[in-house]
Structures are given as structure tokens and as C-alpha cells.
Amino acid sequence: MAPSLSEHAIAILHANDRGGYTVPTKGLYPYQWNWDSAFAALGFAAFDRNRAWREIETLFEGQWDDGMVPHIIFRNHDPSYFPGPDVWQSDTVPQTSGHSQPPVAATVMRWLVETGDRDDDKRAHDLFERLLAWHDWWHRYRDPDGTGLVGIVHPWESGRDNCPDWDIGMNRITVPDDLGEYHRRDTDWVDPSERPTKITYDRYLTIVKFGRECGWDHEKITRDGPFLMADPCVQFVLMRADRDLLKLAERFEHGRAMKMIREWIARDFDGAQAMWSDEARGFVAVDLRNGGYKSTAITNASMLAWYAGAGTREQRDEMADQARAIFDICQFAFPSWDPRHDSFESRRYWRGPVWNMMNWMIASGLDMNGHRDLAMRLRHDCRKLVAQSGFFEYFDPLTGEGLGGPEFTWTAAIHLALEHEFGAAAAA
Ligand code: GLC
């Protein structure tokens, strides 16, 4: 008998397990990625809670002295991936990349604690100071003026690497003559039509060069680096994670942490208002470097407003209307770029396709805000996509075709989370 989808999902997590951490998919992504691990933990929790915690613990093994948890941890050298440790030159053990990724971990940890027993409490308690230091890093280094709006210094820090949101900031980057030759490896694995173009890649590496040459001084990178934009994904994931972190701090009666986190939360809501666009009728990315230009379209990250607890009643109602209009166009929601917009490309990485782990977060936010119908549609689409196409990295919203890497960790993990009805912890 053919294995069930859940059995298949569990087999994928085992196959991508490298001993305490998982790779997102074999070949294309051979290391440990930050938010991938948070979602992987959620999947492991369906059948092995100890392994779920290991995934988070190994993620924090990559933490820097300044508190940052990097977006990739390089535990071995795998020449099939570019840019590898020799390009980043992090000067850390283990070697890592030089910026972060959306901080989902606190939300998953809170959920594990609230559904677990004393072992879960202990493991969360043991990691708490590190988790707090990471959130502090976001607020301190990515929002040095305390505005309540954090920036990202590289499109890769958003986790939504190739979204048109970044075109505004990226188009202003001048590629230096001494960038050097390089051989990218992503297009060895995936059809180039689904991946970023050459000039985009040159600009990605220009930002990395700046970071490397200033010894990854994050104060300098945020203030003077080639790119600084506000991202609804990072901002909203952090807002949500700050609340979950506060719950943990209260549980552990950690007075200093509670005070710090409450100050962040008090600023977050107002900070997020700077991302509201009357033109797009939603929360969008903003260029914090060059005159505050805003992106022009709704994305799946915009739809995390409910998850974050961001926005006024009127703003959220507007966004629910937008969501319904986009649902009507797509056979499978939620697309990573508005299909009514010129730049929509249903197959190209973050310029249209659907990501199931984004859907899981969006749906949990919608549920908490009385939009059960929309949440159910998203969960239904997630299940249908994997049933129809397999556990791909992402999917075409118009046809449901599976795209990017196959046998993908977070797609498998989210399938298990949905099967077991794991929600994110209820927002405070
Ligand atoms: C891509 C995605 C990023 C993810 C990584 C590993 O770079 O854009 O969000 O973490 O792949 O899956």
C-alpha cells in the first residue's frame, strides 16, 4: 500500500535530518536555515518532541556574541552551495552567514511549552536567555533609533528572497567593479526561469561584500550599508514573536525580560503603521534608505497583519477585502505577490508562488480574528497542493504545480502541523 501523506511527510523529515538539524532539501540547500528549523520543529513535534527541541537547540548553536541568530549555519563545507562560508567569512564557530531571518522560534517554543510537560518547560527555560538576546538584537541593531519598525539589510534577511518588494532598494545598488567572478549553484538545481536574474545576484553579493569588509559590524551595516528596507514579514513575525516571548518571560517570572519586551511591544504597533499604504490598501515593504518609497502590491507577508496583531480595525477590514479578491483569482492561495499586479509571475520564486508555511501563519492569525472562512480556505489549499503535487518548496497559485526543491522540510512539517491541528499559540 502506498504510504499516506503523513507517513511521507515524516519520511521527509527523517531523510533531511543531518543529526540534530535538518536541511531544507537535499542538494539545493545543504545547510541549516533559521526559520526552516523553527517550522521543522513544529513538524517533529507531531511524532518526536525531543527531536523538535533538538532542532531549536542546534539553531541557537549558531548564535553570535551580539545575539544574532544567523540565517544559515554552515556545519560542513558543501561546494554545491553558493555563497558558502568562504564568501561570508563570519569568523565564528560554527561558520554562518552574516545576517538573520524572520524570528519564528519564540512562537514555536511557546506553543511547545503550552502543549507540553516539564521537559518542554525546562528546555525552553534553558534557551530563554539566548532567545531574549536574539529579539534584543533585532530591536537594538535593526531599529537603532527605537522607532518600532525594524529594517532588513539584505533581501535574504526577509526570507522572501526574490520578492519584487526589494526591487526598490535593490535597483539603487551599484555593483562595484571589483565584485569578482563567481559561479552560482542554485541554477544547477532549479530551472533558471524560477530563480533570480544575474544582476539581482550581483547586487545580493554587493551587500554581502559590504558586510564582510566591515567585519559584520551590524551597527554600521544598518546605518551605512547599501540596503535597508522594512519588511512586513520580519516586522509581523517579530511582533508576534515578541508577544510569545513575553508569555514565556511571565511563565519563568523573568522581571527584567518582561520589562524589556513590554517596551518593544509598546513601540511595535506604531512602528508598523509606517508600512501602511493607501495606494496598495495594505501593509507593504518600505525603503528606509531612499525617501521612504513603498512597494506597490499586497503580498502573503502583508497578510500576516492579523498574526502580528497589527493594524486598526479599518485597516484589517480593508485587507480582508483584498484577501477575498485575491482568493477569487487564484486556484490556490495565498500568492507571494498580487496577481492583479504587472510584476506577478506565477512560477518565479517569491514573485507569485504559494508557500505553505506562510499560509500556516496567515491562517492562524485569521482564525484569531474571526475570519475562519479565510483561514479554512488557506489550510484546505495547503493540503490540496501537497496531495496534488507532492511536498515541493513552493507552488504555482494558478495551477498548483510544485516548484523549486522537492521533498522539502517545511512543506512536510506544515502538513503534519495541519494534520494535528497545531495552531500557533493564542496571541495575548
Ligand atoms: C530560500 C528561501 C528562504 C529559505 C531558504 C531555505 O532561500 O527564500 O526563505 O529559508 O530558501 O529553505
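Let's start with how helices H2 and H15 sit against each other. In this predicted model, helix H2, residues 34-44, packs against helix H15, residues 356-368, at an angle of about 70°. Angles of 65 to 115 degrees count as roughly perpendicular, so H2 and H15 are roughly perpendicular to each other. Their axes are 12 Å apart, and the crossing of H2 and H15 is left-handed.

Which residues of H2 and H15 meet there? On the H2 side, look for Trp35, Phe39 and Leu42. Across from them, H15 brings Met357, Met358, Trp360 and Met361. If you sort the residues of this contact by class, you get 7 nonpolar, no polar and no charged.

Now for another pair of helices. Helix H1, residues 5-15, and helix H17, residues 409-419, have axes that come within 9 Å and cross at roughly 135°. That angle makes H1 oblique to H17. H1 also passes H17 in a left-handed crossing. From H1, the contact uses Leu5, Ser6, Ala9, Ile10, Ile12 and Leu13. From H17, you will find Thr409, Ala412, Ala413, His415, Leu416 and Glu419. By class, the contact of H1 with H17 has 8 nonpolar, 3 polar and 1 charged residues.

Please stay with me in this region for a moment. Asparagine 16 is in the loop between H1 and strand E1, residues 32-33. Is asparagine 16 buried or exposed? Its relative accessibility is 4%, so asparagine 16 counts as buried. Setting aside neighbours within four places in sequence, asparagine 16 is in contact with Tyr21, Thr22, Val23, Pro24, Thr25, Lys26, Glu407, Phe408 and Thr409.

Thr409 is one of the H17 residues in the contact with H1. Glu407 lies in the loop between strand E9, residues 402-403, and H17. Although glutamate 407 is not a glycine, it has a positive phi of about 45°. With a relative accessible area of 37%, glutamate 407 is partly exposed.

Where else can we find a positive phi at a residue that is not a glycine? Go to aspartate 91, where phi is about 60°. Aspartate 91 sits in the loop between H4 and E3. At 76% relative accessibility, this aspartate counts as exposed.

That loop has something else to show you. Proline 94 is also found between H4 and strand E3, residues 95-96, and the peptide bond from valine 93 to proline 94 is cis, with omega near -10°. There is a cis bond from phenylalanine 82 to proline 83 too, with omega near -5°. Proline 83 lies in the loop between strand E2, residues 72-74, and helix H4, residues 85-88.

Last stop: serine 295. You can find serine 295 in the loop between strand E7, residues 286-287, and helix H13, residues 305-308. Buried means under 20% relative accessible area, so serine 295, at 4%, counts as buried. What does the side chain of serine 295 make a polar contact with? The partner is the side chain of aspartate 165, at 2.6 Å. Not counting residues up to four places away in sequence, serine 295 touches Asp165, Ile168, Val284, Ala285 and Trp337.

Conventions
Residues numbered from 1 in each chain as written. Predicted model: local features only at pLDDT ≥ 70, side-chain atom pairs only at ≥ 80, totals over all residues. Heavy atoms only, no water. Helix = DSSP H or I, 4+ residues; strand = E, 2+ residues; numbered from the N terminus. Buried < 20%, exposed > 50% of the residue type's maximum accessible area, 1.4 Å probe, protein only. Polar contact = N/O pair within 3.5 Å; in protein donor to acceptor, adjacent residues only side chain to side chain. Contact = heavy atoms within 4.5 Å. Axes fitted to C-alpha atoms, helices over the stretch in contact; angles between N-to-C directions. Parallel < 35°, antiparallel > 145°, perpendicular 65-115°, else oblique. Left-handed = near helix turned anticlockwise from the far one by under 90°. Nonpolar A, V, L, I, M, F, W, Y, C, P; charged D, E, K, R; others polar.
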